[in-house]
Amino acid sequence: MSDTLIIVPTYNERDNLPALAQRLLKLPVPVDLLVVDDKSPDGTGQLADELAARHPVIHVLHRAGKNGLGRAYIAGFQWALERQYEFIFEMDGDFSHNPDDIPILRETAQNADCVLGSRYINGIRIINWPLNRLMLSKGAALYVQIVTGMPFSDPTGGFKCFRRRALQSIDLRQVQSNGYSFQIEMTHRLWRQGMKIVEVPIIFSERFQGHSKMSGHIVREALFMVWRLLLQNKLRRRPRGPAQKQP
Ligand SMILES: Nc1nc2c(ncn2[C@@H]2O[C@H](COP(=O)(O)OP(=O)(O)OP(=O)(O)O)[C@@H](O)[C@H]2O)c(=O)[nH]1
Ligand SMILES: [Mg+2]
């Protein structure tokens, strides 16, 4: 067993999963893969089982039905914490995130509680997005910074590495959001208790196969969630104090 787990939530990613698994198996740092599938109608879950039968480092969590990205990740985090993983990643299953960035995120996480892959630090690195999608994402980032005070350039990004102690410091059952706001909420819960969060530049590519699950509902959820986070932090736009848990 590796000390590094890559959690990939999947819903209809049959065209992407085998190639993604191959790339993960070939990384210079050995990693385990956990696929969290929400009963994909296209058979991604079964495909994942076949991969797991061939490769002992691949694991699969099957969930009863489509219940959103946030729920899938929470289940994945709980699975990871029941085992001895130290570096626990979130990564999309559509190749928007480049597996080759995993070593640098992991390396950076040696001295952090959480590392965020950022599309926007020192410039904009997104391949194949229409301008309106980019403006929505950049606008959301600014909105999150202004409302919550969280200083990160890409708070809605989904390529992250958590240290075990970071996930242990959160009551995962209380995490409510599911879409982009899930990313914002997880980071805010760490940041407000003074955990060390570092951003690392990544290049993000729009998926070239399969379908986006992005929706208006996801955007509205995020609009409201940031205000709730501000209230949870007692209207403070800064962390509470130094980290309680040391490495
Ligand atoms: N298990 C599970 N996975 C999901 C769910 N919704 C999305 N995913 C997966 O989460 C990852 C990111 O989802 P995407 O559809 O790419 O959503 P997005 O990245 O917000 O939007 P696009 O990049 O525009 O497609 C992909 O691997 C999806 O298959 C869900 O309800 N359950
Ligand atoms: Mg995507």
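View 1. Strand 1 (4–10) and helix 3 (69–81) each bring at least two residues to the shell around ligand 1. Bear in mind that this is a predicted model. The ligand itself sits in the largest pocket. There are 21 residues around ligand 1, and the ones that come nearest are Pro9, Glu13, Asp38, Asp94 and Arg133.

**View 2. Polar atoms facing ligand 1.** Tyr11 places a polar backbone atom 3.0 Å from an oxygen atom of ligand 1. With Val36, a polar backbone atom is again involved, this time 3.0 Å from a nitrogen atom of the ligand. Tyr180 uses its side chain instead: a polar atom there lies 3.4 Å from an oxygen atom of ligand 1. As for how covered the ligand is, it would expose 620 Å² taken alone, and the protein buries 95% of that.

**View 3. Strand 7 and its two partners.** Strand 4 (residues 87–90) runs antiparallel to strand 7, and four bridges join them. In this pairing, look for Phe87 opposite Arg163 of strand 7. Strand 5 (residues 114–118) also pairs with strand 7 in the antiparallel sense, over three bridges. There, Leu116 stands opposite Lys160.

**View 4. Side chains along strand 7.** Which way do the residues of strand 7 (residues 160–163) point, and are they buried or exposed? Lys160 and Phe162 point one way, while Cys161 and Arg163 point the other. All four of these are buried, the Lys and the Arg included.

Key. Residues are numbered from 1 along each chain as its sequence is written. Chains are lettered from A and ligands numbered from 1 in the order in which they are written. This is a predicted model: local features need pLDDT of at least 70, side-chain atom pairs count only at pLDDT 80 or more; totals for chains, interfaces and linings use all residues. Side-chain values use heavy atoms; hydrogens and water are left out. Buried means under 20% relative accessible area, exposed over 50%, partly exposed in between (1.4 Å probe, protein chains only). Two strands pair if DSSP finds at least two bridges between them. A residue is near a molecule or strand if one of its heavy atoms lies within 4 Å of it. A polar contact is a pair of N or O atoms within 3.5 Å; within protein, one must be able to donate a hydrogen and the other to accept it, and residues adjacent in sequence count only if both atoms are side-chain atoms. Accessible areas come from the Shrake-Rupley method with a 1.4 Å probe; for residues, only the protein chains shown count as cover. On a 1 Å grid over the protein atoms alone, a cavity is a set of points where a 1.4 Å probe fits but cannot get out, and a pocket is an open set with protein on both sides within 12 Å along at least five of seven lines; lining residues have an atom within 4 Å of a point. A molecule sits in a cavity or pocket if more than half of its atoms lie within 2 Å of its grid points.
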